[in-house]
Amino acid sequence: MRVFADLHRKKLQLEQLNDELEKRVADRTQELEQKALELQQLNSDLARKNQELDAMVQTSPDIIFSRHADGARDYVSSRFNEYTGAPPGSAIGFGWFEYLYPDDKERSLAHWMRCVQSGEAYESEYRLRGVDGQYRWFRARAVPLRDPEGNIVKWYGTCSDIHDSKLLEQSIRDSAIELERMVDVRTAELRRLSSRLMTMQDEERRRIAREIHDGLGQELAAAKMIMDGILSKDSSPSMRQASSDASQLVDRAIKQVRTISHLLHPPLLDEVGLVSALRWYLEGLSERSGIEIHLEVEPSDLSRLKPDIETAIFRIIQEALTNMFRHSGARTGRVSLSESEGRIAVTVRDDGKGIEEQVIQLRPDSLGVGIGGMRQRVRELGGSLRLANANPGTIVEVVIPSRRHDSRSVHLTV
């Protein structure tokens with residue numbers, strides 16, 4: 001009985017094990033069926049993605065390529081063959097270089113091999129020969145694909161037609177160059193016109209000064225002679241007083257006419273030179289304005305400059321001192337003239353209230369006629385103008401080439 005009972009128990013255990021095994025087999029079969037379905041779906045998705053990628057490659061206007069780790073091409077899209085007319089497979093390896101413009105081959109290959117060795121992303125522009133024999137500009141870009149250890153296993157890239165944009169860029173550059181040329185020409189014309197206007201202005205000042213001196217001055221001198229003749233002939237006290245007063249008025253008028261004539265164009269500037277004209281002008285201005293102005297010349301025996309430079313320097317100093325008298329409230333000023341290293345430097349300094357920052361920066365909207373004229377004269381002579389506050393006072397500095405026939409130069413400070 002115990003034997004039968006043990007056999008019955010083992011039979012039950014065996015049946016239970018069979019049931020568990022059948023259940024496991026069924027579960028495993030169901031799992032495999034599910035994975036098979038998933039694998040089938042993955043294959044279907046992969047096939048669809050491949051179709052989509054192939055459609056993108058085939059319809060892309062760019063040339064798509066891949067390369068081995070050593071840089072040799074192993075794939076190029078049909079767009080390359082359509083553009084170049086190359087037979088299939090001819091661009092594999094380094095065969096595609098045969099279609100590059102001769103002047104671009106060495107540069108493009110050297111750059112590509114440097115990127116292959118360094119692992120840096122590749123970008124280059126070169127010209128490719130089309131099926132019609134004409135060359136067009138293309139821009140190639142490629143990036144490396146690496147394995148988990150960081151080693152390059154593949155390169156993928158595109159080659160885009162940029163010929164039209166390249167022509168547009170060149171057209172823009174050519175237009176910019178032509179515009180700069182036109183601006184330079186117009187600027188030169190304006191400078192010549194400005195120079196001519198300043199020359200005409202100086203000539204007109206010289207003419208007016210001469211006419212005032214020779215015309216009105218002579219008429220006043222004749223009037224004084226007549227008044228003096230009347231004074232000598234008529235001895236009555238009332239007439240003598242009236243004639244004396246009239247003669248003094250004529251004397252003052254003659255003096256004013258002479259001053260105006262000399263301010264318009266000092267004859268000393270033509271006859272003796274810049275230094276003598278400046279000394280005369282500064283003495284007269286100090287007397288009229290009450291501002292004590294000193295002149296320093298280095299070297300003391302400074303020789304004559306070209307007439308246009310002497311006239312320009314005199315006008316610049318005249319305008320600077322006029323501004324000092326009108327606006328600065330200064331009590332003293334200093335003018336220094338020196339020559340050094342082929343340059344003339346002019347500095348005008350006073351102890352007045354100074355000038356505004358926008359004037360120091362020479363902003364066009366803040367410059368008056370005086371400083372604007374000074375700036376233009378300096379430009380015409382190829383020099384530079386600088387304004388600064390001296391705390392107290394103002395400094396005006398001008399540096400221009402002396403343009404002497406010899407190697408000497410002049411430096412002027414006011």
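Predicted model: local features only at pLDDT ≥ 70, side-chain atom pairs only at ≥ 80, totals over all residues.

**Chat notes**

Author: Let's start with aspartate 104, which is found in helix α3. Helices here are DSSP runs of H or I with at least four residues, strands are E runs of at least two, and both are numbered from the N terminus. Residues are numbered from 1 along each chain as its sequence is written, and side-chain values use heavy atoms, with hydrogens and water left out.

Reader: Fine. Is aspartate 104 buried or exposed?

Author: Buried, because its relative accessible area is 3%. The cut-offs are under 20% for buried and over 50% for exposed, with partly exposed in between, using a 1.4 Å probe and protein chains only.

Reader: And what does aspartate 104 touch?

Author: Tyr126, Arg127 and Trp137, leaving aside residues up to four places away in sequence. Contact means heavy atoms within 4.5 Å.

Reader: OK, zoom out. What's the strand order in the sheet?

Author: The sheet is open and has five strands, ordered β2-β1-β5-β4-β3, with antiparallel pairing. Two strands pair if DSSP finds at least two bridges between them. The edges are β2 (73–76) and β3 (122–129), each of which pairs on one side only. On average, neighbouring strands are turned by 25 degrees against each other, ignoring direction.

Reader: Which strands does helix α3 touch?

Author: Helix α3 (residues 102–118) packs on the sheet and touches β1 (63–67), β3, β4 and β5. Its direction makes about 155 degrees with that of β3. For those angles, axes are lines fitted to C-alpha atoms, for helices over the stretch in contact, and the range is 0 to 180 degrees between N-to-C directions.

Reader: How many bridges hold β3 and β4 together?

Author: Eight, in the antiparallel sense. β3 and β4 make a hairpin with five residues between them, and glycine 133 in the turn has a positive phi of about 85 degrees. On β4 (residues 135–146) there are also nine bridges to β5 (residues 152–161), again antiparallel. There, arginine 139 has serine 160 as its bridge partner.

Reader: Which residues of β3 are on its covered face?

Author: Tyr122, Ser124, Tyr126 and Leu128. The uncovered face has Glu123, Glu125, Arg127 and Arg129.

Reader: Glutamates on the uncovered face, then. Which side chain does glutamate 123 meet in a salt bridge?

Author: That of arginine 141, at 3.5 Å, N to O. Arginine 141 is in β4 and glutamate 123 in β3, so the pair ties together parts that are 18 residues apart in sequence. A salt bridge here means a side-chain nitrogen of Lys or Arg within 4 Å of a carboxyl oxygen of Asp or Glu. Arginine 141 is partly exposed at 40%, and glutamate 123 is partly exposed at 43%.

Reader: What about glutamate 125, which arginine does it meet?

Author: Arginine 139, at 2.9 Å, N to O. Glutamate 125 sits in β3 and arginine 139 in β4, 14 residues apart. Glutamate 125 counts as partly exposed because its relative accessible area is 23%. A salt-bridge network links Glu123, Glu125, Arg139, Arg141 and Lys166.

Reader: How many salt bridges does the structure hold?

Author: 16. One of them joins glutamate 310 to arginine 304, with the closest N and O atoms 3.0 Å apart. Glutamate 310 is buried at 2%, whereas arginine 304 is partly exposed at 39%.

Reader: Switching to rings: how many aromatic pairs?

Author: Eight, where rings of Phe, Tyr and Trp (its six-membered ring) pair if their centres lie within 6.5 Å; planes under 30 degrees apart are stacked, over 60 edge-to-face, the rest tilted. Tryptophan 96 and tyrosine 126 form a tilted pair, 5.9 Å centre to centre with 45 degrees between the planes. They are 30 residues apart, with tryptophan 96 in the loop between α2 (78–84) and α3, and tyrosine 126 in β3. Both tryptophan 96 and tyrosine 126 are buried. Ring pairs join Trp96, Phe97 and Tyr126 into a cluster.

Reader: Last one: how many of the residues of α8 are buried?

Author: 16 of its 22, so to speak mostly covered.
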